[in-house]
Amino acid sequence: MWGRQSTKTEKSMKTTFIAGPCVIESQELLYMVAEKLVNINERLHVDVIFKASFDKANRTSINSFRGPGLERGLEMLANVKSKYGLKLLTDIHESFQAEAVGQIVDVLQIPAFLCRQTDLLVAAAKTGKIVNIKKAQFLSGLDMKYPVEKAKEAGATEVWLTERGNAFGYNNLVVDFRNISDMKEFVPMVIMDCTHSVQRPGGMGGKTGGDRRFVPSMAHAAKAFGATGYFFEAHPEPDKGLSDGPNMLELDKLETLIESLL
């Protein structure tokens, strides 16, 4: 038998989907995307988690749009939960943000560049919420054993890992799908970030480029390697998005792609 055999628990695990705009641009945008996710959930009998960032602290240029910030951003995300009943995910960049964010969202995400930051992992774990750790662009899947250990020893009851490609410089990423199987040795939930993995970091002169044409292929390749979840940044007009536009999926294509993965 080729490859790693799935356990009965893994076979019965419901596929997890995460989707939403890269950054909070406006309340209206959040509502537009949230309404689409509610419709997808109802039609496909899934439970897509809503994702948006209140602060993109790792933008290429200091002049790039970062978002509304912690206080206003959490207020806007809380409005989405109240109005649409969706589960929420957002990322934190500093440990002091964890407590406030944990009061609003269901999943705290650790950005890839920060996945080895012990204080950040510990603070996220102490909220009692799910912690999703994105694999760094400079680490292998096997290296993610140690961030998982940090979070679990700090009290995290559920930890997810997310694959998003590796960087070798020169404004591009390479995905080694074997990382998915490797990371499933540590956690049952391994998510494929299908949009950030098609990024071309810094490839547009002071901002990140990308190629959204390859998003569906990334998703289906990850499925073949045993991914248990999928992460899509989606926007009604990606080319007008204020962050990660070139690699965000068109919102009207999201349902068809999710259906193809079920």
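Student: Where does N171 sit in the chain?
Tutor: N171 is in the loop between strand 7 (166-167) and strand 8 (173-174). Helices (H or I, at least four residues) and strands (E, at least two) are DSSP runs, numbered from the N terminus. This is a predicted model, where local features need pLDDT of at least 70 and side-chain atom pairs count only at pLDDT 80 or more, while totals for chains, interfaces and linings use all residues. Residues are numbered from 1 along each chain as its sequence is written, and side-chain values use heavy atoms, with hydrogens and water left out.

Student: What is the phi of N171?
Tutor: N171 has a phi near 60 degrees, which is positive although the residue is not a glycine. Most residues other than glycine have a negative phi. N171 is partly exposed because its relative accessible area is 40%; buried means under 20%, exposed over 50%, and partly exposed is in between (1.4 Å probe, protein chains only).

Student: And H45, what is its phi?
Tutor: The phi of H45 is near 55 degrees, again a positive value in a residue other than glycine. H45 belongs to the loop between helix 2 (27-44) and strand 2. With a relative accessible area of 64%, H45 is exposed.

Student: New topic. How many salt bridges does a search of the whole structure find?
Tutor: The search finds 13 salt bridges. A salt bridge here is a side-chain nitrogen of Lys or Arg within 4 Å of a carboxyl oxygen of Asp or Glu. One of them joins K87 and D47, with the closest N and O atoms 3.1 Å apart.

Student: Which parts does that pair tie together?
Tutor: K87 is in the loop between helix 3 and strand 3, and D47 is in the loop between helix 2 and strand 2, so the pair ties together parts that are 40 residues apart in sequence. K87 counts as partly exposed at 40% relative accessibility, and D47 counts as partly exposed at 34%.

Student: What forms a salt bridge with K240?
Tutor: E237 does, at 3.3 Å from N to O. K240 is exposed, with a relative accessible area of 59%, whereas E237 is partly exposed at 42%. K253 and E250 also form a salt bridge, their closest N and O atoms being 3.6 Å apart. K253 is partly exposed, at 46%.

Student: What about K56, is K56 buried or exposed?
Tutor: K56 is buried yet has no salt bridge. The nearest side chain of opposite charge, D91, is 4.0 Å away; Lys and Arg count as positive and Asp and Glu as negative, while His and the chain ends are not counted. K56 lies in the loop between strand 2 (49-51) and helix 3 (70-84).

Student: What is K56 in contact with?
Tutor: Leaving aside neighbours within four places in sequence, K56 is in contact (heavy atoms within 4.5 Å) with C22, V23, K51, R66, D91 and S243.

Student: And T90, where is T90 found?
Tutor: T90 is in strand 3 (residues 88-91). T90 counts as buried because its relative accessibility is 0%. Not counting residues up to four places away in sequence, T90 touches residues including A52, F54, L77 and V101. The T90 side chain also reaches the backbone oxygen of A52 at 2.7 Å. Between the C-alpha atoms of T90 and I110, which are 20 residues apart along the chain, the separation is 8.8 Å.

Student: On to rings. How many aromatic pairs does a search of the whole structure find?
Tutor: The search finds 3 aromatic pairs. Rings of Phe, Tyr and Trp (its six-membered ring) pair if their centres lie within 6.5 Å; planes under 30 degrees apart count as stacked, over 60 as edge-to-face and the rest as tilted. Y31 and Y84 form a tilted pair, 5.8 Å centre to centre with 55 degrees between the planes. That pair links distant parts of the chain, with Y31 in helix 2 and Y84 in helix 3, 53 residues apart.

Student: Which residue lies over the face of Y31?
Tutor: K83 does, at 5.4 Å from the ring centre. A charge sits over a ring if NZ of Lys or CZ of Arg is within 6 Å of the ring centre and within 35 degrees of the ring normal.

Note on methods. Polar contact = N/O pair within 3.5 Å; in protein donor to acceptor, adjacent residues only side chain to side chain.
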